[in-house]
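Okay, thanks everyone. Let me put the structure up, and then we'll walk through how the two chains meet.

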Amino acid sequence: MDIVGNVLPQVLKDEATEDKGEMARLQSFVGAIAVADLVKTTLGPKGMDKILKPTGPGQEMTHITVTNDGATILKSMYVENPAAKILIEISKTQDEEVGDGTTTVAVLAGELLREGEKLIQKRIHPQHVIAGWRIARDVALKRLRDISTENDINSQEFHDDLVKIARTTLSSKLITSDRDYFADLCVKAVLRLKGSSNLDYIQIIKLPGGTIRDSYLDDGFILKKQITIGCKRRIENAKILVANTAMDYDKIKIYGTKVKVNSMDKVAEIEAAEKEKMKHKVDKILKYQPTVFVNRQLIYNYPEQLLADSGITVIEHADFEGMERVAAATGAEILSTFDAPERSQQVLGHCDLIEEIMIGEEKMIKFTGCKKNEACTIVLRGASTHILDEVDRSIHDALCVLITTVKNKRVVWGGGNSEMQMAAACEEEAKKVQGKQAFAIEAFGRALRQIPTIICDNGGYDSAELIQNFKVELQKGNYTCGLNMTDGTIGNMSELGVKECLRVKEQALMAASEAAELIMRVDDIVKCAPRKRERA
Amino acid sequence: MSLAFDDYGRPYIILRDQGQKKRMKGLEAYKSNILAAKAIANTLQSSLGPKGMDKMLVSPDGDVSVTNDGATIVEKMEIQHPTAKLLVELSQSQDAEIGDGTTGVVVLAGKLLEQALTLLDKGIHPLKISDGFDRACDVAIKHLEQIAEEIDIQANDHEALIQAACTALGSKVVSKRKRELGKIAVTAVLDVADLTRKDVNLDLIKIQTKTGGSVEDTRLISGILIDKDMSHPQMQKEVTDAKICLLTCPFEPPKPKTKHNINISNAEDYNKLYQQEQQYFIDMVKLVKNSGANIALCQWGFDDEANHLLLQNDLPAVRWVSGTDVELIAMATGARIIPRFQEITPEKLGKAGSIKEVQFGTSNERMLVIENCQCTKAVTILIRGGSQMIVDEAKRSIHDAICVIRNLIKDNRIVYGGGSAELACALQVLQYADEVSSVEQYAVRSFADALEGIPSCLADNCGLNPITSVAQAKSRQLSEKNPRIGIDCMDLGTTDMKEQRIYETLSSKKQQIQLATQVVKMILKIDDVIAPDDY
């Protein structure tokens, strides 16, 4: 019924709902803040982990995930609230773009909205809040870039920075006690890529057993496959031919072919011809004079035997990524035709030693002394698959951050230093701006300051006291101070060696403010009637 | 449901299953229709103008989108009511024809219907109302053409176009970067525009989205971006002075369309066929290579062997390029699309300055950039943003801006925004109303009131007092004879829209008023709604 008393006709579908104005805004604030609060406790070196339990029949106890990674947590949640979905979305994008800071971005957006809600209660129009946020964001971004430093990519300082960044990233994870060890490991792995950002070339192999400490970076390359029976288990000075070709039976690809014969003799003949064809192919391969043959596809017994007879070690059924890595590591070309043996020098990969090794209980093939040392392998050991999965995610985060740093080169101090400095910049700006926007700028600063506050709270320290002391230190001109989370004091970040990548911070700031703005601008939520699904 | 009875008191069956149908007649039908349409207009009303708010829409599958674009909002609302659906179509036809002003047209229709409702209550016949609206509409359009100004789109580095694009972008979530995005849109349109024919083929502007980064990172690529990578991981990642061979046939043995069987009956046949097959691959690659091409783009897939032969012959190749991309590349590089290997000739190759593979983020996603094409008649706008929703909304906004620029190139007459044009028309219509001697006079006057609804709605959304500001603007328009006085939405201290440089195209405004009037007339003519009961 409208005000006049007319009965409003139903415009939307039966189960659709529409919320307007304050109701809509309230709904988005509640949803977004709830999501932010959920991941809040995982923030910082003393953050806690979450157990993710899948729903659905028969899976309750099987696929449990224990994690500290914001993106993983948010991705596995099913939320209904549309604003909450936006937060999850930005966290995912952060993961894809820079790989780390996935919790920070969701928490920051949530805190911004929390502050925004207070402003709305003070009867400030959302558009004014947004206008203020935009000013604040630019100021914060400028300050962030100003405080960042850059080192030459080849210098020792840069290398040290990388180690520090990796340590900082890993310190919030399960492996924090071994972070020095893993930081070193990650940096070495990334430096091997020589500036390329293709993470595929770093292979991570997870094997349950042993302790986390037993994990190592193999300077060679490990392929999780076995050498075919009857071949040599150790090849020195190997010449490797990497192929992607059918070695089961090489069927004729011309459309519509069919074998149709009228006597048994003919069958035998064709069989012989087929065999001959395969032998021919093997012969052609042999002309390349490889000592090792790696194929992506299956190899049937007959060609396998032919190859083995010629003293070639055969590795079959390598997965495609594995092959690309072998090719990248050994400098081989992936072959599918074998008609140009004269190019054998160019197409064959080379490595000093190939041997079958045992890690735990599994047999694997290790390539050492490769021609192009780009690919490498990190072998992770640990007590259970859950631990291994979490270590894998942590290492992935660290690698992503390192690669981003190698590309971007600029770094900032960690331990909440950058957030506090940005907050200070916002507060200074708020004093200069006329109009209602100033409230929003201040609020932006407060939201930024929430990040170190939450880190303190998660560590069980007195956040109010620490953050105030932090502010004072910065005011005094001590620009390298930050939170010392082991002692619960304000420490010197350059002494503690806590650094973070600028790009990660930038991306988190921009994505969070964009998302908060997006949610703030909404004054009407229309939910369509859910699609009816037939129950299978 | 009214029933007719025969002499024996039995009801006549007029409609099939009439007991199960809902029927509304007369005034009841008018009012119900108007209220439904108004409900839609009310939802959109708060999205109008630079300070308008967005709507969050949850699809039946739970996907969320946030938008400010009228056409998108009404489309995604999944409206059920038949009359309300007319407004959806109204917004969409404005979108298809002009591309911008999709919110304004619905709001105007809503205001007109609101006025019609009071007129109906006065007892004026709906047809008289619609006649009056029609006449008022003509007057308004004529006046619009009078107050329109021609602008020089080329002056001052296309400043006018950029301003118009900024006006279109001002109401969107990307407004903080409206100047940069406006420039991108202008450059893109001018690159592909045919200024002699005054036409722009919007197909030549490709808008590609990629989440990550920020809206600032959005950029214009004077070439084409395709979401593909080289078919073989070890092919060169960059080709300079590319000669492109554009194929629509797979690197596979031919598949004739007629059904056939090749029977292998002995070993020689088998060997012969094998030879033949090998020869196919070699021939294919050779034909491409011999033409002088140094890159092959193919709409279909490659066989493993062919793929490797391409690598061996230093011929980078891309497979599964989509059909629209193939056409775009053909237009940009001057390549002919080649359907058979036998028809490859050097003249049919396209040329581009460089083709290279670029990588985004950590998740190893690669795209190909084709730059400096021979006939540069295609550009790509790569939109970046923090999340899928922002990117989608930015895409819609840029589309709007591009449409505005195109309309200006087609017809360089503009009117000023900020509600000033509507206000000027309202005054003119009001003046005309007194000349009408029949009942329509009331309708004409109401039309003027409805037009005033737009500036008042703008003022409302900007937090100004709608009645005071509209009254002020109106009196100033009359006393200064200046049709450019509108609502100062951005709080810039002037109400002269020429100084604020808020440009809107004449064609868009005209279309808005005409379309809205038409739809309202249509709704007013409905006096009977028959629908199945459960609908």
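So, between them, chain B and chain A bury about 7,700 Å², and 54% of that is on carbon and sulfur atoms. Keep in mind that this is a predicted model. Why quote an area at all? Well, the size of an interface is often given as the accessible area lost when the parts come together. If you'd rather count residues, 88 from chain B and 91 from chain A take part in the contact.

One you can find on the screen is A:Asp523 with B:Lys55, where the closest N and O atoms sit 2.6 Å apart.

Which parts of chain B do the touching? At least two residues each come from a list of elements that includes α1 (26-45), β2 (54-58), β11 (262-264), α8 (267-290) and α11 (388-410). The largest share of that side is from α8(B), with ten residues. And if you sort the side of chain B that touches chain A by class, you get 33 nonpolar, 38 polar and 17 charged residues.

β11(B) pairs with strand β9 of chain A, residues 257-259. They run in the parallel sense, over three bridges. To locate the spot, go to A:Lys258: its bridge partner in β11(B) is B:Asn263.

That's my bit, over to you.

How values were computed. Residues numbered from 1 in each chain as written. Chains lettered and ligands numbered in written order. Predicted model: local features only at pLDDT ≥ 70, side-chain atom pairs only at ≥ 80, totals over all residues. Heavy atoms only, no water. Contact = heavy atoms within 4.5 Å. Buried area = accessible area lost by both parts, 1.4 Å probe. Salt bridge = Lys/Arg side-chain N within 4 Å of Asp/Glu carboxyl O. Helix = DSSP H or I, 4+ residues; strand = E, 2+ residues; numbered from the N terminus. Nonpolar A, V, L, I, M, F, W, Y, C, P; charged D, E, K, R; others polar. Pairing = 2+ DSSP bridges.
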